[in-house]
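Here is a short briefing for a reader meeting this structure for the first time. Please look over the sequence and the model before reading on.

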Amino acid sequence: MAKVGENSFEDEIMESDIELEGEVVEPDNDPLQKMGDPSVEVSEEMRDKAQLYKKKGVDALSEGKLDEAVEHLTEAILLNPTSAILYAARGIKTGVFVKMKKPNAAILDAEAALQINPDSAKGYKSRGMAKAMLGKWEDAAHDLHLAAKLDFDEEISSELKKVEPNVHKIEEHKKKYERLRKERDMKKADLERQRRHAEEVSAAAAILKPGDVITIHSSNQLEEIFTAASKLSKLVILYFTATWCGPCRFMGPVYKSLSEQHRNVVFLKLDIDQQGNIAHRWNVSSVPTFSCVINGKEIDKVVGADKTGLERKIAEHGSRKQ
């Protein structure tokens with residue numbers, strides 16, 4: 001059984017081993033075999049000699065003389081470096097390097113064959129089988145499918161039956177851990193949103209001062225409070241008053257008492273003589289005026305020193321879901 005190594009991912013996602021079928025060999029790291037010079041002009045005599053060395057190589061291989069087979073086939077390649085078949089003979093599954101369990105050498109010969117003939121079915125077949133020996137199952141399947149399209153044979157079919165189950169397992173494994181990583185990233189993003197929201201809520205709560213009446217001194221301050229109240233889905237009562245207004249003096253203590261009773265509601269106070277521009281934008285024509293505001297927009301109002309009416313509006317809108 002061959003195994004894909006275990007890798008670790010952050011946040012405790014550990015990628016488990018995959019049980020794969022087939023024997024995998026250690027990569028061969030020997031000095032590179034001799035390769036032919038593709039720029040050499042090959043004569044008929046050289047071709048004939050190359051064929052003789054090829055025959056000697058095949059004969060030596062059949063007798064189990066692997067080193068001798070490599071020597072003869074190498075001589076053939078040096079004589080005729082334009083022959084994809086010679087490279088394939090030295091590297092394909094029935095050739096020397098695979099029998100010697102030297103898949104990297106077999107891959108090198110296969111790639112040389114493919115440079116000479118990009119449509120070499122034997123080149124793709126050879127490289128695919130060698131990559132399967134190294135446990136490179138997906139690459140192996142790719143090459144073997146290309147070989148099958150060019151020149152299908154039973155050996156390719158047999159090899160694909162060994163390779164494809166491993167490829168399927170690897171694909172399913174990747175899908176599983178890709179899904180887990182996405183789930184992890186979504187959880188992390190959700191936690192980050194929750195953290196930011198908690199910070200915003202904390203900052204907003206500090207601005208709104210539950211139980212107090214906040215005096216407004218500028219448009220910027222008013223917008224900041226509206227924004228904070230919107231984040232916490234709170235009703236805001238904006239009380240327009242003036243120092244010279246008798247009914248306002250009556251409503252002042254009432255308003256303060258209401259702020260202490262309804263800590264879930266934000267109570268603001270604005271002097272129209274000091275903040276006339278704001279009063280004008282809110283179309284205040286008399287004081288006292290109490291605007292009921294949700295999400296920065298007026299939804300209701302009470303005009304005059306109407307304590308009962310104000311209490312009713314707070315009760316009506318203070319529990320309203322926004």
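Predicted model: local features only at pLDDT ≥ 70, side-chain atom pairs only at ≥ 80, totals over all residues.

Residues are numbered from 1 along each chain as its sequence is written, and side-chain values use heavy atoms, with hydrogens and water left out.

**Helix pair α7 and α8**

- Helix α7 spans residues 137–151 and helix α8 spans residues 154–208. Helices here are DSSP runs (H or I, at least four residues), strands are E runs of at least two, and both are numbered from the N terminus.
- The two helices pack at an angle of about 140 degrees, and their axes are 9 Å apart. Axes are lines fitted to C-alpha atoms, for helices over the stretch in contact, and angles run from 0 to 180 degrees between N-to-C directions.
- That angle makes α7 oblique to α8. Angles under 35 degrees count as roughly parallel, over 145 as roughly antiparallel, 65 to 115 as roughly perpendicular, and the rest as oblique.
- The crossing of α7 and α8 is left-handed. In a left-handed crossing the near helix is turned anticlockwise from the far one by less than a right angle; clockwise gives right-handed.
- On the α7 side, the contact (heavy atoms within 4.5 Å) includes W137, A141, L144 and A148. On the α8 side, I156, L160, V163 and V167 are among the residues involved.
- By class, this contact of α7 with α8 has eleven nonpolar, two polar and five charged residues. Ala, Val, Leu, Ile, Met, Phe, Trp, Tyr, Cys and Pro count as nonpolar, Asp, Glu, Lys and Arg as charged, and the others, Gly among them, as polar.

**Spans annotated in UniProt**

- UniProt positions follow the numbering used here, feature names are shortened, and annotations may be inferred rather than shown by experiment.
- Over residues 50–83 the chain is 79% helix and 0% strand. The end C-alpha atoms of this span are 10 Å apart.
- The "coiled-coil region" annotation, also from an unreviewed UniProt entry, covers residues 170–197.
- Residues 170–197 are 100% helix and 0% strand, with end C-alpha atoms 40 Å apart.

**Buried residues**

- D109 lies in helix α5, residues 103–116. D109 counts as buried, because its relative accessibility is 0%. Buried means under 20% relative accessible area, exposed over 50%, and partly exposed in between (1.4 Å probe, protein chains only).
- Not counting residues up to four places away in sequence, D109 touches Q33, M35, Y87, R90, G91 and F97.
- T74 sits in helix α2, residues 66–79. T74 is buried too, at 9% relative accessible area.
- Leaving aside neighbours within four places in sequence, T74 contacts K34 and R90.

**Exposed residues**

- P253 is in helix α10, residues 246–261. P253 counts as exposed at 57% relative accessibility.
- L52 belongs to helix α1, residues 44–62. L52 is exposed, with a relative accessible area of 55%.
- L52 and A279 are 227 residues apart along the chain, and their C-alpha atoms are separated by 107 Å.

**A loop residue**

- L232 is in the loop between α9 (219–231) and β6 (236–241).
- L232 and V201 are 31 residues apart along the chain, and their C-alpha atoms are separated by 6.6 Å.
- Leaving aside neighbours within four places in sequence, L232 is in contact with V201, A204, A205 and L208.
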